[in-house]
Amino acid sequence: MSDKYHELRGQAPPPPTGCPINASWSPLNDDYLRDPYPIAARLRRDTPIFYAEELGYVVLTEMDDILEVFNQPDIFSSENVQDPVFPVAPMAQEVLAVPDFDPMKVMSNRQAPDHGRIRKYTRQGFSRRRLRTLEPYVRRRSHELIDDMVAAGGPTEFIDSFAFPLPGETVFRFIGFPEADDEDLKNWCGDRKAFSWGKPTPTEQAEIAEKMLSYWRYCRNFTAGKRDDRADDFASELLAAHDDDPAELSYREVESIIYGLSFAGHEAVTNLICNTLLCLLPRRDQWDQLVAEPSLIPNAVEEVLRFESSQISWRRLTTADTTLRGIEIPAGTQIFMNFASANRQDDIWENPDEFDIHRPNAAQHISFGKGMHYCLGANLAKFEAVLVLEALTERLPSLRLVPDQPIWSSANITFRGPEQLLVDWD
Ligand code: HEM
């Protein structure tokens with residue numbers, strides 16, 4: 001295994017012997033992108049484990065099987081989670097082949113024991129205190145963006161005017177990037193989800209690769225500058241840990257953590273905010289209940305994460321021969337965990353295809369994963385979504401979706417959310 005943040009893998013291994021093969025299903029099929037849930041439920045009922053020929057992955061659809069995988073990180077390694085799922089075009093490879101593009105695996109794709117060593121420091125950085133320090137910023141920016149929407153008048157495209165800028169700016173403040181760099185940063189970090197989990201054209205891949213390179217170079221300069229310019233931010237905390245014991249947290253690890261965090265904290269939260277509106281605005285009674293009773297908002301956010309998560313799959317790679325559901329799975333097999341299926345199981349949730357902000361066990365979803373790689377930003381993501389809903393229900397109680405607009409999710413195996421969202425208000 002190399003230590004490269006994004007590894008380019010070769011040919012997928014053949015299907016495991018005895019594993020049912022599905023030659024037609026792909027998470028990028030149009031019908032699945034439009035509405036994955038009935039298809040995922042059918043797959044779970046007919047063949048809970050199968051080999052998806054188009055993807056070259058063994059797909060798991062049952063919660064228990066997915067948990068078994070999460071709970072055995074030594075056999076089901078996360079080393080492939082940031083790798084591009086489809087081949088990277090030579091022109092994009094060339095961009096990233098420059099010697100100074102060398103971010104390394106640090107969190108989601110780093111393995112034990114190093115993962116635990118690094119997570120000790122990053123976990124400290126995601127403390128409740130740090131979240132509290134961000135609260136006034138997220139509230140102020142939410143209200144400023146709403147002010148701008150109101151001043152411009154409806155209808156508005158909500159992603160551009162709110163759901164894209166807010167989470168990006170939030171994670172940039174969390175890390176410690178200066179506000180003056182926000183526009184460059186949003187541009188560089190904007191389409192990262194397409195690179196590893198989508199199917200961009202070679203030209204698009206090369207464009208994204210250029211932005212990744214610019215962003216990596218920015219992270220390196222920023223980290224170097226921070227050495228003599230500490231503040232109350234996550235980057236300064238990491239550098240202090242490095243200064244205390246450079247062997248415990250290396251300088252390149254600090255740079256690479258900063259590189260990975262902006263993506264982790266941005267597009268998935270943009271999608272979560274949009275999916276929240278897609279769930280709530282057409283169900284007027286539930287939206288109105290949140291307007292009247294904001295204390296219901298945290299559970300409503302959990303229900304969105306279960307019912308229409310911004311992340312509906314994640315991957316693993318087997319490091320040893322093993323078995324799943326009685327099927328022998330050789331080392332080197334790529335595993336695709338289908339959260340869209342598991343989050344709607346009727347033996348876990350009553351009427352799982354209904355959206356219900358009062359659902360008592362909404363939070364049992366696996367949208368943030370489980371086990372040693374459990375999402376480090378889960379509290380930050382939920383806290384942002386709650387603050388956003390508080391601001392929107394207070395300021396724009398008449399918010400509604402513009403009728404008859406096409407809602408589509410970009411071609412992505414993992415991240416789910418609309419490409420465009422038109423909203424209006426009185
Ligand atoms: C709705 C938004 C989000 C979703 C659905 C989400 C989901 C996930 C998932 C499924 C994992 C992998 C868990 C595993 O492999 O077991 C993960 C890991 C991670 N997430 Fe998130 N995430 C979100 C937001 C964030 C935010 C806001 C941040 C930080 C600013 C963040 C930082 C991370 C990090 C650092 C990891 C790797 C943790 C580790 O390997 O120890 N995430 N996330």
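Q: What makes the six strands an open sheet, and in which order do they run?
A: In this predicted model, the strand order is S1-S2-S3-S9-S6-S4, with mixed pairing. The sheet is open, and its edge strands, S1 (21-22) and S4 (76-77), each pair on one side only.

Q: Which residues of helix H9 are called buried, and what is the criterion?
A: A residue is called buried if 20 or more other C-beta atoms lie within 10 Å of its own. In H9 (residues 182-189), Leu-185, Trp-188 and Cys-189 are buried.

Q: Why are these residues placed on the same side of H9?
A: Because they cover an arc of only 85 degrees around the axis, they lie on the same side of H9. Their cover includes helices H8 (165-175), H10 (192-197), H11 (202-226) and H13 (251-264).

Q: Which residues are closest to the ligand, and how many surround it?
A: The ligand is surrounded by 28 residues, the closest being Gly-265, Gly-369, His-373, Cys-375 and Gly-377. H13, helix H14 (267-280) and helix H18 (378-395) each supply at least two residues of this shell. H14 gives the most, with three residues.

Q: What is the make-up of the shell around the ligand by class?
A: The shell has 15 nonpolar, eleven polar and two charged residues.

How values were computed: Residues numbered from 1 in each chain as written. Predicted model: local features only at pLDDT ≥ 70, side-chain atom pairs only at ≥ 80, totals over all residues. Pairing = 2+ DSSP bridges. Helix = DSSP H or I, 4+ residues; strand = E, 2+ residues; numbered from the N terminus. Buried ≥ 20, exposed ≤ 12 C-beta atoms within 10 Å, placed from the backbone. Arc of directions from axis to C-beta. Contact = placed C-beta atoms within 7 Å. Near = placed C-beta within 6 Å. Nonpolar A, V, L, I, M, F, W, Y, C, P; charged D, E, K, R; others polar.
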